[in-house]
Amino acid sequence: MLRYISMILLAICIAGCSDQPEEGREASHKKPNILFIFTDDQSHRTISAYEDALQWAKTPHIDRLAEEGIRFKHAFAGPWCAPSRAMVLSGRYLHGIEGLDFTDYPKIREDQETFRMWPQVFRENGYTTAVIGKWHLASDYRHGTVWDHSIIWERLGGAKSGDYFRNQKLRFDGGDFTPVGGHSTDNYTEYAQDFINRDHEKPWMLWLCYDAVHAPFTPADRHQESYVNAGPIETPADIYPPRPDKPRYMQNYSMFEPAPDGVPVDERQQLPLPKLVQKYHSGVLSLDEGVRDLVDTLEKSGQLDNTIIVFTSDQGIAMGHHGMEIKVAPYDDNIRVPYIVRLPDGQSSGTAIDMPVNVIDLIPTFFDYAGIDLPWEMHGTNLRPILENPSLAWDRGLLQENFSRSFGSQTDVGLTIVDLNEGLPNQNVDWWIFMRHGNLKYITTLVPDEIEELYDIEKDPRELKNLALDPENYQRMDQMRKMMLEELQRTNAGLVENLPAPKRLLIFNP
């Protein structure tokens with residue numbers, strides 16, 4: 001009954017849409033629609049099109065996007081959920097985002113004059129804008145100014161919002177919390193299909209924010225037994241400490257303990273590692289089916305050939321890698337994401353690109369395809385040239401940051417000075433910055449008297465051997481640090497003058 005009521009509300013919302021002028025009909029033929037699919041805590045390892053995927057885990061419908069589009073092999077977003085969304089909506093690195101205050105997290109304060117969201121610019125330039133799914137910033141998500149249409153599960157709404165995956169209470173077009181039944185992934189897909197099927201007279205942009213496959217990784221009922229006997233499931237080499245060549249916070253980090261039979265057990269969900277991995281991958285199956293249904297809806301409605309489809313996530317998650325079952329840490333197994341772009345005309349289809357990319361690169365790319373000037377300085381790189389010509393030689397590095405709950409000028413101190421992770425369970429990770437260029441990854445942990453890290457991702461994809469401790473690599477490390485500083489300076493990072501001096505001696509207190 002509750003689900004029936006919610007669908008009536010949605011139908012009323014759709015029926016109440018006002019007609020658009022004739023100019024909008026013409027614009028819709030010139031400007032592409034944008035379906036921006038943004039999942040939650042989904043590692044690149046869960047997509048069978050990726051080389052790191054487990055052999056038994058299959059995602060044929062997301063793979064179809066990769067076959068008909070462009071797949072980026074090395075992609076990143078934010079270090080955890082809320083900062084990643086702030087990056088998406090601003091198009092900027094964390095050090096360049098002002099107007100957000102997480103001091104009293106989970107309450108988030110927002111200065112709407114300072115923290116601007118680019119979909120509002122699309123709305124002001126002839127696009128219908130919509131957001132469906134998880135919202136993880138301030139409660140005022142600006143329906144009617146940023147979004148023409150919104151169906152929100154407010155992540156920080158507490159009891160008013162209900163839970164991940166089941167018994168959710170959603171806010172339809174700025175309304176009050178309305179209970180719905182069913183599984184959230186299926187619900188969001190259905191709401192997105194309803195939006196796509198509207199009689200659109202203007203181009204549209206839909207940010208579809210699934211809450212899957214975030215912990216507790218609850219799959220839909222039909223997928224509960226999907227991977228019960230799946231295998232093999234390998235135990236990561238460094239699931240247990242010590243890790244003497246890593247920064248101090250990592251040396252004895254562990255979220256797993258061996259059971260009497262020797263199988264690692266996760267302290268957060270109290271599951272053996274094989275069960276944890278099976279459950280996590282089971283939650284991806286409804287996402288894959290959702291992609292199938294959305295592409296089918298676009299195809300049947302005649303919009304597929306005029307819609308850019310992006311599939312990515314806010315960050316990945318470790319499954320025992322480096323002793324973790326969280327994101328936040330600077331290692332690929334914690335935060336690397338799938339990143340697939342399907343262009344309307346199938347141009348460059350089936351291409352896999354090695355160049356590292358960030359979620360903020362999507363924003364200037366969207367603006368270019370929409371023919372809209374950038375409204376403020378964006379920190380990402382417009383990907384259109386390489387999307388349309390993947391053989392193009394690009395020599396660019398990729399910057400990534402973690403400042404826990406700090407943004408903008410709050411990061412100018414340049415180092416972790418207090419425990420900013422308090423209130424974020426299992427996320428006791430120091431501030432860090434990394435720079436990727438080619439196969440090399442340089443990490444500086446923003447703590448005084450701390451060692452640096454350097455990894456060759458091609459030779460050591462699990463990031464087990466820290467090359468920074470070998471004097472033979474000092475020159476390469478200096479080059480990577482210089483590249484990092486140049487990118488920070490290019491984007492006016494106030495923290496540049498306050499970064500702790502690097503230390504090259506091994507620190508380990510067993």
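Just after helix 9, Gly302 takes a positive phi of about 75°. Helices here are DSSP runs of H or I with at least four residues, strands are runs of E with at least two, and both are numbered from the N terminus. The model is predicted: local features need pLDDT of at least 70, side-chain atom pairs count only at pLDDT 80 or more, and totals for chains, interfaces and linings use all residues. Residues are numbered from 1 along each chain as its sequence is written, and side-chain values use heavy atoms, without hydrogens and water.

Helix 9 has 16 residues, which should span 22 Å at 1.5 Å a residue; its end C-alpha atoms are 23 Å apart, which agrees. The expected span is 1.5 Å times one less than the number of residues. Its buried residues include Leu285, Leu287, Val291, Leu294 and Leu298. Buried means under 20% relative accessible area, exposed over 50%, and partly exposed in between (1.4 Å probe, protein chains only). The buried residues of helix 9 pack against several elements, among them strand 1 (33-39), helix 3 (60-68) and helix 6. Contact means heavy atoms within 4.5 Å.

Helix 6 (residues 184-196) packs on helix 9 (residues 285-300) at an angle of about 10°, with the axes 10 Å apart. The two helices are therefore roughly parallel to each other; that label covers angles under 35 degrees. Axes are lines fitted to C-alpha atoms over the stretch in contact, and angles run from 0 to 180 degrees between N-to-C directions. Helix 6 contributes Thr185, Asp186, Thr189, Ala192, Gln193 and Ile196 to the contact, and helix 9 contributes residues including Gly290, Asp293 and Leu294. Among the buried residues of helix 6 are Tyr188, Tyr191 and Phe195.

Two loop residues follow. Arg396 lies between helix 12 (384-388) and strand 18 (398-402). Arg396 is buried, with a relative accessible area of 15%. Its neighbours include Met355, Pro356, Leu383 and His437, not counting residues up to four places away in sequence. Gln112 sits between strand 5 (109-110) and helix 5 (119-124). Gln112 counts as partly exposed, at 34% relative accessibility. Gln112 touches Asp140 and Arg142, with residues up to four places away in sequence not counted.

Both residues make side-chain polar contacts. A polar contact is a pair of N or O atoms within 3.5 Å; within protein, one must be able to donate a hydrogen and the other to accept it, and residues adjacent in sequence count only if both atoms are side-chain atoms.

| Side chain | Partner side chain | Polar contact |
|---|---|---|
| Arg396 | Asp361 | 3.1 Å |
| Arg396 | Thr381 | 3.3 Å |
| Gln112 | Asp140 | 2.7 Å |

Definitions and conventions
Angles under 35 degrees count as roughly parallel, over 145 as roughly antiparallel, 65 to 115 as roughly perpendicular and the rest as oblique.
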